[in-house]
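Open the structure in your viewer and get ready to select residues by number.

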Amino acid sequence: MNGRRRGLVWTGAGVVVLLVGLMLAEISGWPFLRQPIEAAASRNAAVPVQLRGRFRAHLLWRPRLEVEHLNIASAERFGAPHLLDAHGVSLAWRWGDVWRWQRGERLRLQALRADTLDARLRRLDDGTANWQLGAREPRPEEAEAEPLGGLPRFGSLVIGQGRVDWKDPVADVDVDIRLRGREGEAEAATSAGYEATANGRYRAMPLKLQVRAGSTLPLLQDPDTATDAPWVPVRVEGAVATSRLLFDGQAAALLGTPRLQGALELQGRSLAAVGRPLGITLPQTPPFDLRGTLSQDAGVWRLQATRANVGTSRLSGDLRFHSLERPRRLSGELTGKKLAFADLGPAIGASGDGATDAPGKATGKATGNAKAGAKDEAAQPASARPRRVLPQRRFDLPSLAAMDADVRVAINEVDFGTPAMTPLSGLLTRVRLSAGVLRLDELEAKVAGGRIKGMTQLDANARPAKWEATLDIAGVDVANWVRGLRREQASPYLTGVLHARLDVRGAGSSTAQILGSLDGPIDLRLRDGTLSYLITEAMGLDLAQALGVVITGDKPLPLRCARFDLLARNGVVEPRLAVLDNRDSTVRINGQVNLNDESLALRLVTQPKDWSPLSLRTPVTVTGTLGDPDVGIEGRKLAGRVIGAIALGAAAGPAAAVIPLVERGQKEEGDPCDAKAAAPLEKKR
């Protein structure tokens with residue numbers, strides 16, 4: 001009994017001694033563990049780790065290490081003097097994170113604070129980096145997607161002053177960050193705080209930024225381990241590529257997964273240049289000026305733009321960019337008072353000044369005709385090449401696979417950039433980008449008393465890219481939409497209510513290539529309209545009636561019907577039925593418009609319905625190109641009438657010369673705008 005009691009006493013005494021020893025060791029900072037900790041850290045990091053000067057560790061409660069000088073070496077193949085050299089270091093961790101790190105997971109540290117720090121971050125072309133410290137080496141594509149992948153995750157990283165030199169050819173990063181503290185009693189209250197400068201290149205974009213913080217600068221912070229990290233005032237200004245940046249707000253972290261919020265001002269030459277370093281797919285645009293608020297938390301960037309002036313467009317919006325999702329995703333709403341159609345020009349391949357690109361620059365898989373035309377033009381001197389109207393510049397198709405998007409669009413007005421066209425109003429659509437397929441759904445707008453509805457899609461995964469569109473136009477007042485049809489103090493040349501339906505497809509990597517391979521029907525109908533009497537007689541070269549119109553004044557003729565039933569095949573648009581019919585004449589159009597080479601080959605034939613004593617009726621032709629059309633007449637028929645008039649005049653007297661020029665007119669038969677009724681009439685002619 002006594003022996004058992006003595007055993008319990010000795011055991012209890014041993015436990016007490018052990019606990020007292022642990023407490024004393026914890027209080028004293030475990031000074032005898034300096035070398036064992038160095039050895040264990042060096043073994044797990046696979047590079048020498050040195051702890052110099054004052055040393056103090058706490059291993060039982062809230063484990064942390066305080067050391068006067070910490071040096072972590074870098075492997076020789078990276079060409080850096082060290083990975084990290086810091087003074088006045090305080091390092092905190094959790095034992096569970098260390099255990100997982102030893103089994104190959106990424107190292108996670110609760111906090112790292114340093115009075116001074118010099119970090120040399122290096123990555124090689126094979127994707128390996130000197131900061132990976134025992135973790136699995138990421139593949140090159142992973143390194144490009146997350147430039148600092150493999151770097152220990154910090155609950156918080158705060159540096160008094162120092163330098164971070166980051167060179168990463170895989171992600172195309174070469175940035176030198178310098179930090180300088182300005183705290184202390186000698187500093188005025190207005191100038192106290194910290195400064196940082198960042199110079200170099202980030203994702204191929206030149207970078208020059210200056211950062212000012214109201215207190216110790218928060219560089220890195222992991223929201224999973226330090227949700228209560230303090231927010232400090234931060235001001236960032238400088239240049240990224242050709243864009244100017246000003247951010248004034250507060251931040252808990254600036255690198256890695258940033259946490260910040262504040263006012264943003266951003267100006268630049270194109271939105272595409274801003275989105276590229278962030279991995280965001282944005283369109284090519286004219287110069288822009290953006291104002292609003294920017295925040296980032298838990299990997300979600302939020303931009304609340306109160307003003308986004310792009311060219312002459314006046315936009316705003318509330319957008320979110322989910323940077324941690326794979327693929328990245330953009331969502332939100334884009335609104336605005338005005339969208340200028342000309343500002344979309346760079347996005348669809350047109351140059352900002354409205355000029356088209358040189359035809360020789362069009363490349364990619366186009367149709368056979370387009371390829372042949374391109375070769376023929378390439379052989380010609382630049383001055384001899386026909387002027388192209390359709391945009392030739394290739395789309396940035398790979399960028400469509402960089403992220404997904406789902407954005408609602410609501411624009412008050414869409415301006416066509418010409419006084420000859422009435423702007424659209426109430427534009428609504430939903431822009432979706434998924435797996436390289438860009439789609440505009442629920443497209444709707446109003447104009448001139450009517451509405452436009454439809455959708456369009458571009459599939460960048462196909463080779464060549466596939467485009468399709470359906471569009472319905474209903475109840476549009478043509479004269480009020482196309483203001484160029486109107487005349488001062490006179491009735492419009494053409495009026496009526498337009499109804500149209502388009503269901504077309506194309507393929508290519510530019511607007512010109514897509515239209516050059518266009519397939520599908522295009523049907524336009526005009527109801528309750530009028531056509532200028534003068535235009536009708538001019539198209540028929542009826543001199544007597546045209547002269548009468550000039551003398552008495554032009555009066556609009558009611559249109560019985562007007563229809564253009566077109567069919568596109570491989571970029572060649574031909575009318576199955578194209579007719580304008582009023583009580584005076586029927587105008588028929590045949591021929592083709594070739595969008596491959598932009599050539600025109602149209603023929604207009606006017607059939608009068610009334611008697612005229614002086615008519616030179618002959619078909620009118622439209623040839624040339626879209627950029628240089630040539631309007632003429634068929635000389636043989638006209639010459640026949642004129643020669644006949646001269647011959648009769650010479651044989652029977654001047655009065656007889658009028659006989660060949662007399663037009664008796666033709667009786668109406670059926671509905672010329674009905675394809676079935678028009679077919680036998682066409683055969684008669």
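This is a predicted model: local features need pLDDT of at least 70, side-chain atom pairs count only at pLDDT 80 or more; totals for chains, interfaces and linings use all residues.

Arg180 has 43% relative accessibility, so Arg180 counts as partly exposed.

Next, select Arg123 and Asp168. They form a salt bridge too, with the closest N and O atoms 2.8 Å apart. This pair links distant parts of the chain, 45 residues apart. Arg123 is in the loop between S5 and helix H4 (140-145), while Asp168 is in strand S7 (residues 157-168). Both Arg123 and Asp168 are buried.

Go on to Arg235 and Glu237. Their side chains meet in a salt bridge of 3.6 Å, N to O. Arg235 is partly exposed at 29%, and Glu237 is partly exposed at 28%.

Now look for the largest nonpolar core. It has 68 residues, and Leu70, Ile72, Leu117 and Val234 have the most contacts inside it. Strand S5 (residues 111-122) gives the largest share, 5 residues. Apart from this core lies another, of 39 residues, including Leu330 and Ile411.

Last stop: Asp581, in strand S28 (residues 572-582). With 0% relative accessibility, Asp581 counts as buried. A polar contact of 2.3 Å joins the side chains of Asp581 and Thr586.

Notes: Residues are numbered from 1 along each chain as its sequence is written. Side-chain values use heavy atoms; hydrogens and water are left out. Helices (H or I, at least four residues) and strands (E, at least two) are DSSP runs, numbered from the N terminus. Buried means under 20% relative accessible area, exposed over 50%, partly exposed in between (1.4 Å probe, protein chains only). A polar contact is a pair of N or O atoms within 3.5 Å; within protein, one must be able to donate a hydrogen and the other to accept it, and residues adjacent in sequence count only if both atoms are side-chain atoms. A nonpolar core is a set of buried Ala, Val, Leu, Ile, Met, Phe, Trp, Tyr and Cys residues joined through side-chain atoms within 4.5 Å. A salt bridge is a side-chain nitrogen of Lys or Arg within 4 Å of a carboxyl oxygen of Asp or Glu.
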